[in-house]
Amino acid sequence: MYIYTHFDQQLLNERLAQFTHQIHRYLEGKLTDAELLPLRLQNGLYIQRYAPMFRIAVPYGLLASRQLRTLADVSRKYDRGYAHVSTRQNFQLNWTALEDIPAALAELVNVQMHSIQTSGNCIRNTTTDQFAGVVAGEIEDPRPTCELIRQWSTFHPEFAFLPRKFKIAVSALADTDRAAVAFHDIGIYIVKNVAGEIGYRILVGGGLGRTPMIGSVIREFLPREDLIGYLEAVLRVYNLHGRRDNKYKARIKILVKALTPQVFAEKVEAEFEHTREHAKITPEFFAQMQAAFTTPDYQDLADEDFSAQFAEDTQFLNWYRHNTHAHKVQGYRIVTVSLKRVGIATGDITAEELELVADLADQYSFGEIRNTHEQNMVLADVPQKDLYAIYQILNQHHLARANIGFITNIVCCPGGDFCSLANAKSIPIAEAIMRRFDDLDTVYNLGKLDLNISGCMNACGHHHVGHIGILGVDKKGAEFYQITVGGNQDHDASLGDILGPSFAAESVPDVIEEILNTYLDLRQDNERFLDTYRRVGIQPFKERAYA
């Protein structure tokens, strides 16, 4: 993984000193709320319903075990002993007092963790596939490209105060997209052209929220050397033409739609003529980025035969099938640690569990961990011979629920329990659905299915792209929930269709069950929920849900 240089550390230290001074001035009454607002936002500090929410950056989701241990310690000292994995692969603390933020941040900075640009109208944390670099089929490892973007975008003075927040995602697989690339302000696919050269396909104008849109391709192939110059061109066009008079119409997706993708692309190409030469990425510099992601010291291992363990322990069989993934190196496997448990908010992990995952990473996975877009965690380089031992440890600590890819692997924002913007609670709805579908045989019979929940139109739970999405809405002061069906974040991206009028909270599990019963009645040849929906359309689901 990328190791911070002396320059990187100095940058963090100076930013810490600056932000600490700003908070002290505010607490002394020398800064108003309005004056603190842009300062705290670009340092990941929100004022939520009950306490500040503090967002900690995890660049492209990659962590070292020492960082997890420090986060665990910080959560105990300054919060309530747990952290939350967000859909941008970051961490969030929900109860840290404002006066404790500098001390908490000082401990994190010591292990190269920070909160820079985790909020505000700037370029946020670049995300990618949680299996990057270890899964077969990649054009190349996307992490060096993500690191390149991180270094370019951090403290970029021209893009510190954009019309609105800005998100970038990178993927390098042709057959699947675990990073939801099409739903980002800029989406980047690593591709090869007919000459075998590696470059990028660029999408612009994707996003969720109040006006969800799928990104449009504006460059089919961009040479690697031109990536930063082209990104600068896109950002300059947005900075110049994006709306600043209405925050609901300020995202780049609105501009792309208003101009049309073709006209927007033309403006970018014109600007690119001015940016391409001064921002060339030399092969030598990109090689430095690649060299930062060293290949672990893999052993020469054979693939394991688990027939005996599978016969004796069917729970291990299910966990192996659904919570582990093929690795590009023989004798290894990728393990996903499910943070979707009944009785615990989705994506939450306690200080003790953080330390446990860090211990497992040190013992079995070269000391590295990844956060996922779906609010879980990954041990990416586990020898197959150690899988049963890891399973037993995770199972003992209630972290081996074999539900990755299924309905109870719910993506869910904090909702009205924490967020001051939310119209309704999300966590209790997720809990009720998990309890309704607690039987794994039922879950597996339903097949692969994404269910996402957001507490408001900001769509932090990505409800638009769930095969089934749930959106909290305010109905004359009462909490109701709108259901969408048919969304998808993969290469064949789609936005969910609204089923109809919203439902009261207590009705949501019944409605979800009726939607799924409709699917089971209509399913052909074991097709997925999404395939059935696309074949038959919304009407059968609507009729059953409102019968």
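This is a predicted model: local features need pLDDT of at least 70, side-chain atom pairs count only at pLDDT 80 or more; totals for chains, interfaces and linings use all residues.
**Exercise 1. Work out how helices α3 and α4 are oriented to each other.**

Step 1. Find the two helices. Helix α3 covers residues 65–78, and helix α4 covers residues 101–109.

Step 2. Two packed helices are described by the angle between their axes and the distance between the axes.

Step 3. Take those values. The α3 and α4 axes lie 10 Å apart, at an angle of about 170°.

Step 4. Apply the cut-off. Angles over 145 degrees count as roughly antiparallel, so α3 is roughly antiparallel to α4.

Step 5. The α3–α4 crossing is right-handed.

**Exercise 2. Find which residues bring α3 and α4 together, and sort them by class.**

Step 1. Start on the α3 side. Thr70, Leu71, Asp73, Val74, Lys77 and Tyr78 make the contact there.

Step 2. Move to α4. Its partners are Ala103, Ala104, Glu107 and Leu108.

Step 3. Sort the contact residues. Six are nonpolar, one is polar and three are charged.

**Exercise 3. Describe the largest cavity and its lining.**

Step 1. Count the cavities. There are five of 30 Å³ or more.

Step 2. Size the largest cavity. Its volume is about 180 Å³.

Step 3. Look at its centre. The largest cavity has 18 lining residues, and the closest to the centre are Met1, Tyr2, Tyr4, Leu62 and Gln67.

Step 4. Assign the lining to elements. β3 (62–64), α3 and α5 (143–153) each give at least two residues. β3 gives the most, with three.

Step 5. Sort by class. Twelve lining residues of the largest cavity are nonpolar, three are polar and three are charged.

**Exercise 4. Describe the second largest cavity.**

Step 1. Take the volume, which is about 60 Å³.

Step 2. Look along the lining. Among its residues are His373, Glu374, Asn409, Asp450 and Gln489.

Step 3. Sort the lining of the second largest cavity. Three residues are nonpolar, five are polar and two are charged.

**Exercise 5. Describe the second largest pocket.**

Step 1. Take the volume. The second largest pocket holds about 630 Å³.

Step 2. Find its centre. Of 26 lining residues, Thr176, Arg178, Glu374, Gly405 and Asp450 lie nearest the centre.

Step 3. Name the elements. α11 (314–323) and β11 (324–326) each supply at least two residues of this lining.

Step 4. Sort by class. The lining of the second largest pocket has three nonpolar, 15 polar and eight charged residues.

Key:
Residues are numbered from 1 along each chain as its sequence is written. Side-chain values use heavy atoms; hydrogens and water are left out. Axes are lines fitted to C-alpha atoms, for helices over the stretch in contact, and angles run from 0 to 180 degrees between N-to-C directions. Helices (H or I, at least four residues) and strands (E, at least two) are DSSP runs, numbered from the N terminus. Angles under 35 degrees count as roughly parallel, over 145 as roughly antiparallel, 65 to 115 as roughly perpendicular and the rest as oblique. A crossing is left-handed if the near helix is turned anticlockwise from the far one by less than a right angle, and right-handed if clockwise. Contact means heavy atoms within 4.5 Å. Ala, Val, Leu, Ile, Met, Phe, Trp, Tyr, Cys and Pro count as nonpolar, Asp, Glu, Lys and Arg as charged, and the others, Gly among them, as polar. On a 1 Å grid over the protein atoms alone, a cavity is a set of points where a 1.4 Å probe fits but cannot get out, and a pocket is an open set with protein on both sides within 12 Å along at least five of seven lines; lining residues have an atom within 4 Å of a point. Grid points are joined across faces, edges and corners, and a volume is the space filled by probe spheres set on the points.
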